[in-house]
Amino acid sequence: MALQRQLLAAAVVSALSAWSVSASAQAISAGGDAAPAQPALQPIVVTATPFASDESVQVLAPAKVLAGDELKNKLGNSLGDTLSSELGVSASAFGAGASRPIIRGMEGPRVMILQNGMGVSDVSTVSNDHAVATEAATARQIEILRGPAALLYGSGAIGGLVNVVNDRIPTELVGKPTGTVEGRYGTVDGEKNSSFSLDTSAGQIGLHVDGNYRDTDNYKIPGNARQGDASSASGRLPNSFTHETSGGVGASYVANWGYVGLSAATMDDHYGIPTDEKSFIDLHQSRYDIDTLVNNPFAGIEKFRFKFGYTDYTHTEKEEDGTPATVFRNRVLQTRWELTHAPLAGWRGTFGVQTEQGNYSALSAATGASELTPPTRSSSFAGFLVEERQFGQVLASAGLRAESVNRRPDSASGLAGRDFSLLSWSAGALWSFQPGYGLGLTYSLAQRAPTVEELYSNGPHESTATFDIGDGQLKKETSHNIELTLQKTEGLFRWKGNLFRNKVNNFIYGRTNGQVDDSGAPDPTGEFTQRFWSQGNATIRGAEAELTYNWNGEGISGRVFADTSRGTLDDLGSLPLQPATRYGAELGYKTGPWAGGVKVLRAQKQDRLASFETYETPAYTQLDANLSYTQKLNGVKLTWFALARNLLNQDIRLSTSVLKESVPLGGRNFIVGARTSF
């Protein structure tokens, strides 16, 4: 089978390369040049904002965009792993198969994951062992908005959002087939990963297809799974394997007035949970999207956009012997209507409506009865408005969002439904006091409704070995966030610094009391730790700083960075699973076809623990490096690359991981591969 997959990958690379060479030959025969000059790089634009502005001038939500070689060099087995070293971002790190981004100490339902501007609609917010159902390997770029983005995308983005942009619905026509193909191999886990994307046109029809295949074994660890415990696993972390395939197709009709398109995608993911139970998860998702943009549809409106998404998601948690334990299902239908109006009294802005209907359950695989969470219907309806205006040297931004959220558990459960009315608003300004320099201040109030699992959970969760107990009387969260930003965005030297304080009333968190409950355990001798959903007032504050020199430019480039945050519960000490303070530096060099770099990241000891936490994560130093060589073969750009991660073979444990005591990150890893673009 392995040989067959390698032959198939080689065939795909050869076929696509030949297609590109043929297209180049046709261009030559038509009078074109054999080696046309490469177009100038376009500025990186954040699509998950109403004004699609450059990442360096975000007022409402400071942004980072990963794209190109930078994204490929940081690509990991999961979305959290890919983004974990970005400024203000950590990861939940529940083994290799499941790791979700954590932004400024906020995780789960406070960080929304989008795909092309629409919710991913998986169940990764429910528990850290659930994978994010989107693939970074086929993405054109990944956008991180670190401030509250609730005005645009709802209460699930109270702490920020991540938008994975894969262009499955083409928005412009290409003159000839373009695409990428990549294959890589990693030593720490025997990773075999191949991915491709292809865009082409037929008349006014744009076409897209992409796919990814990943297979990894249990990964190597530097010492024992539990530090200082010689009886725990060593060499490799048991049950840390992954096997994932995904693919998508899309087509759109593109004209001068705009475009209308649709796409379909599927994902299958099979991965182990590295706990003593040695359970594993089989995940399947089907997704269908429609995207329509109309320019100047009528007087006073510059753009009309409509998006539709339907997701059918299922994953089954299985015991070590393969016996199904719990089946999680989520069916979600989303719509977004956006209108961008012409400037009005100097203001330009976007207003719209967003709806969502979902059906979620976590049922016993054997009986179909409620195992963890009863079948629950959720619906939401929201209207939003975001405006922007220039006042001399000051760019002002303001927004408002009103949202209604309803939860309706199955009548057989005997649980009461809940209704929540949410109101969020934000105001901010960026003062460009000198060319290239900016001072920004933003204040926002954002509200979040409790999720289904926080309200109605009551049962054993096999993969986490917890007995989760929700609270049907939970109140909505209200976040008051203030942020100060100072930045320099022009010249060889660029820098930025952010200070933020987030006061969250009725903050919802999971706590344990050390007691166990085996009443619902599949194994009568098993013990499940009780976990309760509770509320309290919390404060999260922190700082981020970054200085770059000639970043990603020819010649020498450099970057130094640091971030820190601390979350506390009023009169109850620290919030659980808070990120460690980090700082580091990167050095890069590009000349001709060669590019390389080295990065060192230092994380301090994390001993600011919640009252029910006992394990202090030790400090660590992570050293990474990369080297690549790019050549042209018959008009096709071919890049050979080598990546080294955790060169010091450090025992790295993330303070944001539920499994920090027993699940370290992988040891020294060398990744080699090649990718072609045409």
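This is a predicted model: local features need pLDDT of at least 70, side-chain atom pairs count only at pLDDT 80 or more; totals for chains, interfaces and linings use all residues.
1. Overall make-up. The protein has 678 residues, and 54% of them count as buried. Its secondary structure consists of five helices and 34 strands. Among contacts with a separation of 6 or more, 64% join residues 24 or more positions apart.

2. Rolling a probe the size of a water molecule over the atoms shows where empty space is left. In this model there are eight cavities of 30 Å³ or more.

3. Lining of the largest cavity. A total of 43 residues line this cavity, and Met112, Thr125, Glu356, Arg407 and Thr451 lie nearest its centre. Several elements each supply at least two lining residues, including strand S4 (111-115), strand S17 (324-344), strand S19 (370-391), strand S20 (394-409) and helix H5 (452-456). Strand S18 (347-364) is also on that list, and S18 gives the most, with five residues. By type, the lining divides into 15 nonpolar, 19 polar and nine charged residues.

4. Lining of the second largest cavity. Here the lining has 19 residues, with Asn77, Ser78, Val132, Thr134 and Arg214 nearest the centre. Helix H3 (79-83), strand S13 (242-255) and strand S14 (258-272) are the elements that give two or more residues to it. Seven of the lining residues are nonpolar, eight are polar and four are charged.

5. In soluble globular proteins, nonpolar side chains tend to be buried together. The largest nonpolar core in this model has 51 residues, of which Leu79, Leu83, Ile113, Ile142, Val162, Phe328 and Tyr360 touch the most other members. H5 gives the most to this core, with three residues. A second, separate core has 14 residues, among them Leu152, Tyr153, Leu161 and Phe384.

6. Ile142. Which residues does Ile142 contact, leaving aside its neighbours within four places in sequence? They are Lys64, Val65, Leu66, Leu71, Leu79, Thr82, Leu83, Ala136, Val162 and Asn163. Leu79, Leu83 and Val162 are also among the residues that touch the most other members of the largest core.

7. Arg653. Is Arg653 buried or exposed? Its relative accessibility is 2%, so Arg653 counts as buried. The residue is found in the loop between strand S33 (636-645) and strand S34 (669-677). Its side chain reaches the backbone oxygen of Ala225 at 2.9 Å, and a polar contact of 2.9 Å joins it to the side chain of Asp651. Beyond its neighbours within four places in sequence, Arg653 is in contact with residues that include Asn224, Arg226, Gln227, Tyr615, Tyr620, Lys660 and Glu661.

8. Asp571 and Asn634. Most residues other than glycine have a negative phi. Asp571, however, has a positive phi near 65 degrees, and Asn634 has one of about 55 degrees. Asp571 is placed in the loop between strand S28 (555-569) and strand S29 (573-574). Its relative accessibility is 81%, so Asp571 counts as exposed. Asn634 lies in the loop between strand S32 (620-633) and S33. With a relative accessible area of 63%, Asn634 is exposed as well.

Terms used
Residues are numbered from 1 along each chain as its sequence is written. Side-chain values use heavy atoms; hydrogens and water are left out. Helices (H or I, at least four residues) and strands (E, at least two) are DSSP runs, numbered from the N terminus. Buried means under 20% relative accessible area, exposed over 50%, partly exposed in between (1.4 Å probe, protein chains only). A polar contact is a pair of N or O atoms within 3.5 Å; within protein, one must be able to donate a hydrogen and the other to accept it, and residues adjacent in sequence count only if both atoms are side-chain atoms. Contact means heavy atoms within 4.5 Å. On a 1 Å grid over the protein atoms alone, a cavity is a set of points where a 1.4 Å probe fits but cannot get out, and a pocket is an open set with protein on both sides within 12 Å along at least five of seven lines; lining residues have an atom within 4 Å of a point. Grid points are joined across faces, edges and corners, and a volume is the space filled by probe spheres set on the points. Ala, Val, Leu, Ile, Met, Phe, Trp, Tyr, Cys and Pro count as nonpolar, Asp, Glu, Lys and Arg as charged, and the others, Gly among them, as polar. A nonpolar core is a set of buried Ala, Val, Leu, Ile, Met, Phe, Trp, Tyr and Cys residues joined through side-chain atoms within 4.5 Å.
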